[in-house]
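Open the model in your viewer and keep the selection tool at hand. This tour says what to pick next and what is there.

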Amino acid sequence: MTLRDTYITINKDGTESVVYQNWDWDKIRMHREKGLALSDLTMIHDIFSNLTSEEQTQVINFRQALRDITKTYTNAEDVEWPAIPDCMMDREMIETNLNA
């Protein structure tokens, strides 16, 4: 899956022009950092300790996979975000950020 932004321009003649801009490593790192920040809430002791051991492992693995994005992939166009565990606090916000 190529991560990219789409820009649509309406021309004077009413036609549309579409330009795609693939994400570079700086943009991927920015979204990764936001994903980690948004998932920090789940790591608060009161919340984390109430998760099952399987859920705790899922959260830890998700956050590690985010950290490893730049080590796992050599081409920014090949990056695939890790699956977000269902138990994550603010799961929808994290998903929106990673796919924005």
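Contact on this tour means heavy atoms within 4.5 Å. Keep in mind that this is a predicted model.

**Stop 1: R63**

Select R63, which lies in helix 3. What does R63 touch, leaving out residues up to four places away in sequence? The list is L36, S39, D40 and M43. Is R63 buried or exposed? R63 is buried, because its relative accessible area is 10% and the cut-off for buried is under 20%.

D40 and R63 form a salt bridge, with the closest N and O atoms 3.0 Å apart. D40 sits in helix 1 and R63 in helix 3, so the pair ties together parts that are 23 residues apart in sequence. D40 itself counts as partly exposed, at 38% relative accessibility.

**Stop 2: the other salt bridges**

How many salt bridges does a search of the whole structure find? The search finds three.

Select D26 and R29 next. Their side chains meet in a salt bridge, 3.8 Å from N to O. The two residues are three apart in helix 1, which means that about one helical turn separates them. D26 counts as exposed, at 56% relative accessibility. R29 is partly exposed, with a relative accessible area of 34%.

Move on to R32 and E33. This pair forms a salt bridge too, and the closest N and O atoms are 3.1 Å apart. Is R32 buried or exposed? R32 counts as buried, at 10% relative accessibility. E33 is partly exposed, with a relative accessible area of 41%.

**Stop 3**

Keep R32 on screen and select W81. W81 touches R32, and the rest of its list is L3, W23, I28, H31, L66, I69, L98 and N99. That list leaves out residues up to four places away in sequence.

Now colour I28, F62, W81 and L98. These are the residues with the most contacts inside the largest nonpolar core, which has 18 residues. Which helices each supply at least two residues of this core? They are helix 1 (25–43), helix 3 (53–67) and helix 5 (91–98). Helix 3 gives the most, with three residues.

**Stop 4: the hairpin**

In which sense do strand 1 and strand 2 pair? They pair in the antiparallel sense, over seven bridges.

Pick D5 and look across the pairing. The bridge partner of D5 in strand 2 is Q21. Now pick I8, which stands opposite V18 in strand 2.

Go to the turn. The hairpin has five residues between the strands. Within the hairpin, G14 takes a positive phi near 90 degrees.

Select N11, which is in the loop between strand 1 and strand 2. N11 touches E16 and S17, not counting residues up to four places away in sequence. N11 counts as partly exposed, at 27% relative accessibility.

For a sense of scale, draw a distance from N11 to V79. They are 33 Å apart in space, C-alpha to C-alpha. In sequence, N11 and V79 are 68 residues apart.

**Stop 5: the patch on the strands**

Return to the strands and show the surface. Which residues form the nonpolar patch there? I8, I10, V18 and Y20 form it, with about 410 Å² of accessible area together.

Finish on V18. V18 has its place in strand 2. V18 counts as partly exposed, at 41% relative accessibility.

Terms used. Residues numbered from 1 in each chain as written. Predicted model: local features only at pLDDT ≥ 70, side-chain atom pairs only at ≥ 80, totals over all residues. Heavy atoms only, no water. Patch = residues over 30% accessible without salt bridge, like charges linked within 9 Å, V, L, I, M, F, W, Y side chains within 5 Å. Areas by Shrake-Rupley, 256 points an atom, 1.4 Å probe, with all protein chains shown as cover. Salt bridge = Lys/Arg side-chain N within 4 Å of Asp/Glu carboxyl O. Helix = DSSP H or I, 4+ residues; strand = E, 2+ residues; numbered from the N terminus. Buried < 20%, exposed > 50% of the residue type's maximum accessible area, 1.4 Å probe, protein only. Core = buried A, V, L, I, M, F, W, Y, C linked by side-chain atoms within 4.5 Å. Pairing = 2+ DSSP bridges.
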